[in-house]
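Dear colleague,

I am handing over the structure below, and I would be glad if you could look through it alongside the notes that follow.

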Amino acid sequence: MDLNLDALWMPFTANRDFKRSPRLLSKAQGMHYWTPEGRQVLDATSGLWCVNAGHARPRIVEAIARQAAEMDYAPPFQMGHPLAFELADRLLHIAPAGLDRVFFTNSGSESVDTALKIALAFQRVRGEPQRTRLIGRERGYHGVNIGGTALGGIGGNRKLFGSALSGVDHLRHTHDLARNAFSRGQPAHGAEFADDLERLIALHDASTIAAVIVEPMAGSTGALMPPQGYLQRLRQLCDQHGILLIFDEVITGFGRLGAPFAAQHYGVIPDLMTTAKGLTNGCVPMGAVFVKRELHDAFMQGPPTAIELPHGYTYSGHPLACAAALATLDTHAEEGLLTRATELHPAMEAAMHSLAGLPHVIDVRNTGLVGAVEFAPREGAPGRRAFEVFLACWEAGVLVRATGDTIAISPPLIVSEAQLQHIADTLRTAITQVA
Ligand SMILES: Cc1ncc(COP(=O)(O)O)c(C=O)c1O
């Protein structure tokens, strides 16, 4: 393929390395991608944790095409269109109890910054304007807008951008290989890591803290499962101190763990929940922030002609995105996809843990349709070992994701048990080869 690769500055990519040896995808269907040369690649990552129902699902493809012809765009400020209302209402059928108001965005990053703004504004409208501090967690990823960058806990993502936002702090992360290596599902140890919030409360005083944001399962830094009891404890501390709890479910939303959302899977309901990715099956950019009714209602005061929340995007509730999301929800319902990860959990667990004992493997962990293999870092070259495993899998026709020294697996929810086994077999060969 004769392409000039120079003009495009690629996101989160080693541009020079990539352009020396590009990895291109040009077609997708079901569980597979194809390269421009026609090589088939099994998608073990749902694209980027987003194509939960598999690629090019006919209902979704048709809905987008139909909507593009029917009405391409409608302004969302002081105007509306039926699909946005229909979608918000339909989402309540699967939403965690009480999170029954929905605000549309166009990405996970926008969902995060929207949730942070709603949290800050809520504290103000309820008469606690001094609550301006926001708390994230080490090894968290909340996208790339200013709020999400500041609240995220990945040093490399923050350092180029200064402090990005002042008045933020971070809980300690929950990754504890000394006690929890090779856990299946939720690790047994570490509920007490939630008490780190008390340290921050002692330091800053609860009266200055607006909200805590965490991923219920931290996806981007290598699939870190919450220790048993951790999220419950965090919820309890937030309640005790009048602090809002935000779950960033951009990865965990829409069936990844075996329930529609991690909030239901873990039995802990946040005050706000950010989503994107699987909402439209990755087909059209869209995000949604789910908000507790009480928070929403606190804004519905004052003159009814006044705009209650001065926030929104030109493409909030875009007609094509709404059509894609509604068709995605239909596909999920018809095929029982939002709970399928529960059925496949044992097969996924067996496939992943068959990799324990291979050279340099220091951890294997799994939950629902998420699996991770962590390697001991190569001397002086952190992340290289996982990246080489990723390359070896790519050459062998399986797309996995390298993040730090971890390989993460998150196949579409339509994956078969045989394909899970094939992914593990490919990983085994790659890990042995790279060792
Ligand atoms: C938990 C979480 N939050 C936010 C984001 C950002 O989403 P986006 O890339 O759609 O802006 C991601 C992306 O991976 C994510 O995993």
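The C-alpha centres of domain 1 and domain 2 lie 26 Å apart, where domain 1 comprises 15–56 + 337–434 and domain 2 comprises 62–335, the bounds being those of an automatic or database domain assignment. Their contact takes 33 residues from domain 1 and 30 residues from domain 2, two residues being in contact if their C-beta atoms, placed from the backbone, lie within 7 Å. On the side of domain 1 that touches domain 2, the elements giving two or more residues are helix H2 (46–49), helix H14 (340–353), strand S11 (361–367), strand S12 (370–375) and strand S15 (406–409); here helices (H or I, at least four residues) and strands (E, at least two) are DSSP runs, numbered from the N terminus. The residues on that side divide into 15 nonpolar, 13 polar and five charged, with Ala, Val, Leu, Ile, Met, Phe, Trp, Tyr, Cys and Pro counted as nonpolar, Asp, Glu, Lys and Arg as charged, and the others, Gly among them, as polar.

Please bear in mind that this is a predicted model, in which local features need pLDDT of at least 70 and side-chain atom pairs count only at pLDDT 80 or more, while totals for chains, interfaces and linings use all residues. Residues are numbered from 1 along each chain as its sequence is written.

Turning to helix packing, H14 and H16 pack at an angle of about 15 degrees, with their axes 9 Å apart; axes are lines fitted to C-alpha atoms, for helices over the stretch in contact, and angles run from 0 to 180 degrees between N-to-C directions. H14 and H16 are therefore roughly parallel to each other, given that angles under 35 degrees count as roughly parallel, over 145 as roughly antiparallel, 65 to 115 as roughly perpendicular and the rest as oblique. On the H14 side the contact is made by Ala347, Met348, Ala351 and Met352, and on the H16 side by Glu417, Leu420, Gln421, Ile423 and Ala424, a set that divides into seven nonpolar, one polar and one charged.

Helix H16 (residues 417–434) also packs against helix H15 (residues 384–395), at an angle of about 125 degrees and with the axes 9 Å apart, which makes H15 oblique to H16. In this pair, Arg385, Glu388, Val389, Ala392 and Cys393 of H15 meet Thr426, Leu427, Ala430, Ile431, Gln433 and Val434 of H16, and by class the contact has seven nonpolar, two polar and two charged residues.

For helix H3 (residues 58–70) and helix H13 (residues 319–335), the axes come within 8 Å and cross at roughly 155 degrees, so H3 and H13 are roughly antiparallel to each other. The residues of their contact divide into ten nonpolar, three polar and three charged.

Finally, there is the ligand: of the 14 residues around the ligand, Ser107, Gly108, Ser109, Gly143 and Val250 come nearest, a residue being near a molecule or strand if its C-beta atom, placed from the backbone, lies within 6 Å of it. Helix H5 (residues 108–125) gives the most to this shell, with three residues, and by class the shell has five nonpolar, seven polar and two charged residues.

With best regards
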